[in-house]
Amino acid sequence: MRKFLALLLSGALLLSAAACSSPPQGESPADPSSAENPSGASQGADASSQEANELETITFVLDWTPNTNHTGIYVADKLGYFKDAGIKIDIQQPPEDGATALVATGKAQFGVDFQDYLAPAYLSDLPVTAVAALIQHNTSGIISLKEKGMTSPKDLEGRTYATWDLPVEQATMKNVVESDGGDWSKVNLASVTVTDVISALQTNIDAVWIYYAWDGIATQVKGLDTNYFYFKDINPVFDYYTPVLVANNDYLEQNPETAKAFLAAVAKGYEYAIENPKEAAQILCEADSTLDQDIVLASQQWLADQYKAEVDQWGYIDASRWDAFYQWLWDNQLIEDEIPAGFGFTNDYLPE
């Protein structure tokens, strides 16, 4: 679903090199240090360059434009956690076919994707593994204006839902509507890619699939009265992991210690965001000046309790929840081959 916005992604967001070194500044001839050591400036530049060369560059691909799902990455970069781990991070926007495709080719070592999107990747034998959950629970669900009176899935009957026309998406919607006693065939489907939820809800679209941590918070900030229900509250099988951090399998095998160091720095970034949501929001806004600061702050404060939720270890993936969703896909003939239990993720690289 989310990849339909790839064409809208803006270009400019590489924080990487600036955090590790800065352009050498020329000194005035009147500067005593310059007079005593005319080569001081070049020596400083050489030292900075040498320091940068000693850092290992890791390319990290986003799934989307920067948002609060990604805050821990930017915090770790800004506060020097990556540098302390011997790493220089290169943050990139995703290509049109998503972050996982780039990670699978080895052109990036890590990236962001979603468990539901990883199923076809695994069935295609793409060499990627989920190594951390960025958020502990699935915040997705259906939002509508309160005036429409849609308080549960069965209320979608006779209403217009904006669909991406994807089999897994519509199977999910059918399941939650029918689990609530509704008739999915009575839901009007509009093939629309919603890029602005606030605007869409004020058209002929009655219901939109969103992720509450961002779009749901945005509707609150902008003063819309809405109803919302989580898919996971209707059927626990939909409490799958979204988004997740994925890694290239060959890189993990060949560089296990660096991978662990990278994830330790990332975890430290998210722990900081949990403890300091206001400061973390500011760091994210500094990284992308186009972001709405009010939405970022409100989202960051809400996510402070969601990044880890009830678990002690940031990034932890529960095998039973992971497997349950893939089993549901198989049971409902939404994938061609069964994905073995425990396949496609690992907690082995997380800091203890």
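**Close-up views of the predicted model**

**View 1. D125 is exposed, with a relative accessible area of 66%.** Exposed means over 50% relative accessible area, buried under 20% and partly exposed in between, for a 1.4 Å probe and protein chains only. The model is predicted, and local features need pLDDT of at least 70, side-chain atom pairs count only at pLDDT 80 or more, and totals for chains, interfaces and linings use all residues. Residues are numbered from 1 along each chain as its sequence is written, while side-chain values use heavy atoms, with hydrogens and water left out. D125 sits in the loop between α6 and β4, where helices are DSSP runs of H or I of at least four residues and strands are runs of E of at least two, numbered from the N terminus. Although D125 is not a glycine, its phi is positive, near 65°. Most residues other than glycine have a negative phi, and most peptide bonds are trans.

**View 2. Q333 lies in the segment after α15 (319–331), and P243 in the loop between α10 (231–234) and β10.** The phi of Q333 is near 55°, again a positive value in a residue other than glycine, and Q333 is exposed, its relative accessible area being 73%.

**View 3. Five strands build an open sheet with mixed pairing, in the order β2-β1-β3-β10-β4.** Because β2 (87–92) and β4 stand at the edges with a single partner strand each, one side of each is left without a neighbour in the sheet. From one strand to the next, the twist averages 30°, with angles running from 0 to 180 degrees between the N-to-C directions of axes fitted to C-alpha atoms, for helices over the stretch in contact. Strand β1 (residues 56–61) runs parallel to β2 and is joined to it by 6 bridges, two strands counting as paired if DSSP finds at least two bridges between them. Within that pairing, T57 has K88 of β2 as its bridge partner. Strands β4 and β10 (residues 244–248) run antiparallel and are joined by 5 bridges, and A132 is partnered there by L245 in β10. Strand β4 (residues 128–133) is mostly covered, with 6 of its 6 residues buried. Helix α6 lies across β3 (110–113), β4 and β10, and runs at about 160° to β4.

**View 4. Three strands form a further open sheet, ordered β8-β5-β9, whose pairing is antiparallel.** The edge strands of this sheet are β8 (208–211) and β9 (226–230), each of which pairs on one side only. Its neighbouring strands are turned against each other by 35° on average, direction ignored. Strand β5 (residues 140–145) and β9 run antiparallel and are joined by 5 bridges, and I142 finds its bridge partner of β9 in F229.

**View 5. The second largest pocket has 12 lining residues, among which D116, Y117, P120, L166 and V168 lie nearest its centre.** A pocket is an open set of points on a 1 Å grid over the protein atoms alone where a 1.4 Å probe fits, with protein on both sides within 12 Å along at least five of seven lines, and lining residues have an atom within 4 Å of a point. Helices α6 (115–123) and α7 (167–179) are the elements that give two or more residues to this lining, and the largest share, 4 residues, comes from α6. By class, 10 lining residues are nonpolar, none are polar and 2 are charged; Ala, Val, Leu, Ile, Met, Phe, Trp, Tyr, Cys and Pro count as nonpolar, Asp, Glu, Lys and Arg as charged, and the others, Gly among them, as polar.

**View 6. E178 lies in helix α7.** E178 is partly exposed, with a relative accessible area of 40%. The C-alpha atoms of E178 and K154 are separated by 7.1 Å, while the two residues are 24 apart along the chain.

**View 7. Helix α13 (residues 277–287) has P277, A280, A281, I283, L284, C285 and A287 as its buried residues.** The elements that cover these buried residues include α3 (71–78), α12 (256–275) and α14 (293–303), contact being taken as heavy atoms within 4.5 Å. Among contacts in the chain between residues at least 6 apart in sequence, 80% join residues at least 24 apart.
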